[in-house]
Amino acid sequence: MVKAKAYSAASATSPLASSIIPRRDTTERDVQIEILYCGICHSDLHTVRNEWSSIMPTVYPCVPGHEIVGRVTRVGSAVRAFKPGDLAGVGCLVDSDHTCPNCRDGLEQLCPNQTLTFNSPDKHLGGVTYGGYSESIVVDEHFVLRVPANLNLAGVAPLLCAGITTWSPMRRWGDLKGKKVGVVGLGGLGHMGVKFARAFGARVFVFTTSAGKKEDALHLGADEVIVSRNADEMKKHIGSFDFILDTVSADHDINAYINLLGRDGNITLVGAPEKPLAVSAFALLFGRRSLSGSIIGGIAETQEMLDFCGKNNITADVEVIPIQKVNEAYERLVKSDVKYRFSIDMASLKS
Ligand code: NAP
Ligand code: ZN
């Protein structure tokens, strides 16, 4: 067992603070990674504050972080795809059963026996898994991603969750070229959704509650920005969208967006608010519209997304912070004040 520096929360109401956590010795299939950057996902905050207590209660201490980029420091004897010195990425998953129908189809994110990067039972050390707000991590080779060498690493980290979570449902929808696509919420996920929708050739419309993000949204690739609190702006788009991706992290009126879908249009939820959303049956019935959900993506699909980003020079727009500013960053996340992902420079853990 190795001791590693980390930041953890001791309870739902305590700030994240410096701590020491155990990491397992590398087994033959393991890759040990020195973490360079870790993105801050709103899921980290939901978990640290136990906002998903009815679905996934948080076990404390909690070390969040599932947008991990680093350098390989050691590999087990059976590892073939990585060697010390390689760049490596780790997202939301660190294990699955490899045998269920979902795993066999490359859909590890749907495996009933998956192990999440943090707050999942840890098969090796007992207790729960600890995430990326840490100097190192040890992960089964299958769940380690290759990182394109040409990209800015601080901006790559968020691809491991915000990137794949928005990529996967858009790819699954089909060819978005020329389609009218909406992205609701311009935060970490939303801004990646805009970049990908643009790259796929869609006509991209951003719905935001923050009028101040309008210019940025256009720079990120939106064709038009709609301030969702403005009923007149919303009305103009009724019945016109092919696909809408909803990334909102808090309670909101989803029917306002369902009504914007055209015939057979689909709205996919990736945002995971604490409280259930009220859905109007009529909003779905008229127009034969559908509402779906999507969770991250499989490992092969995540690699495909990273390779695409390497080829097309796509990364997240990040504000790099030292780990000592993590609690401040959480407060800003709650206020939708993020442009557009915080990425923690893990070298700051040493100071
Ligand atoms: P984020 O960076 O905080 O962005 C969320 C955005 O939602 C905000 O920037 C804001 O955008 C909008 N928003 C916030 N409160 C709102 C409200 N009350 N009403 C309307 N809009 C509001 O969060 P994130 O990291 O992108 O994550 C978004 C959600 O996705 C979280 O719930 C997270 O847990 C979930 N998530 C799901 C998956 C998955 O696999 N399905 C993966 C990662 C994250 P504007 O300022 O533009 O309005
Ligand atoms: Zn996430």
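Author: Buried means under 20% relative accessible area, exposed over 50% and partly exposed in between, with a 1.4 Å probe and protein chains only. This is a predicted model, in which local features need pLDDT of at least 70 and side-chain atom pairs count only at pLDDT 80 or more, while totals for chains, interfaces and linings use all residues. Residues are numbered from 1 along each chain as its sequence is written, chains are lettered from A and ligands numbered from 1 in the order in which they are written, and side-chain values use heavy atoms, with hydrogens and water left out.

Reader: Is Cys161 buried or exposed?
Author: The relative accessible area of Cys161 is 4%. Because buried means under 20%, Cys161 counts as buried.

Reader: Which residues coordinate the zinc ion (ligand 2)?
Author: Donors are N, O and S atoms within 2.8 Å of the metal (3.2 Å for Na, K and Ca), and since water is not among the atoms, sites may look incomplete. The donors of this zinc ion follow the spacing C-x24-H-x94-C along the chain. At 2.0 to 2.2 Å, the zinc ion (ligand 2) is coordinated by Cys41 (SG), His66 (NE2) and Cys161 (SG).

Reader: How many residues apart in sequence are the parts that His66 and Cys161 tie together?
Author: Helices (H or I, at least four residues) and strands (E, at least two) are DSSP runs, numbered from the N terminus. His66 lies in the loop between helix H1 (42-48) and strand E4 (68-75), whereas Cys161 lies in the loop between helix H3 (153-156) and helix H4 (162-173), so the pair ties together parts whose separation in sequence is 95 residues.

Reader: Which elements do the buried residues of H5 pack against?
Author: H5 is mostly covered, as 10 of its 12 residues are buried, including Leu189, Met192 and Phe196. With contact taken as heavy atoms within 4.5 Å, the buried residues of H5 pack against H4, strand E9 (180-184), strand E10 (203-208), helix H6 (214-220), helix H10 (299-312) and strand E16 (341-345).

Reader: How many of the 12 residues of H4 are buried?
Author: Among the buried residues of H4 are Ile164, Trp167 and Met170, and the buried residues of H4 pack against H5, strand E12 (241-246), strand E13 (261-269), H10 and E16. H4 is largely enclosed by the rest of the structure, because the buried residues number 9 of the 12.
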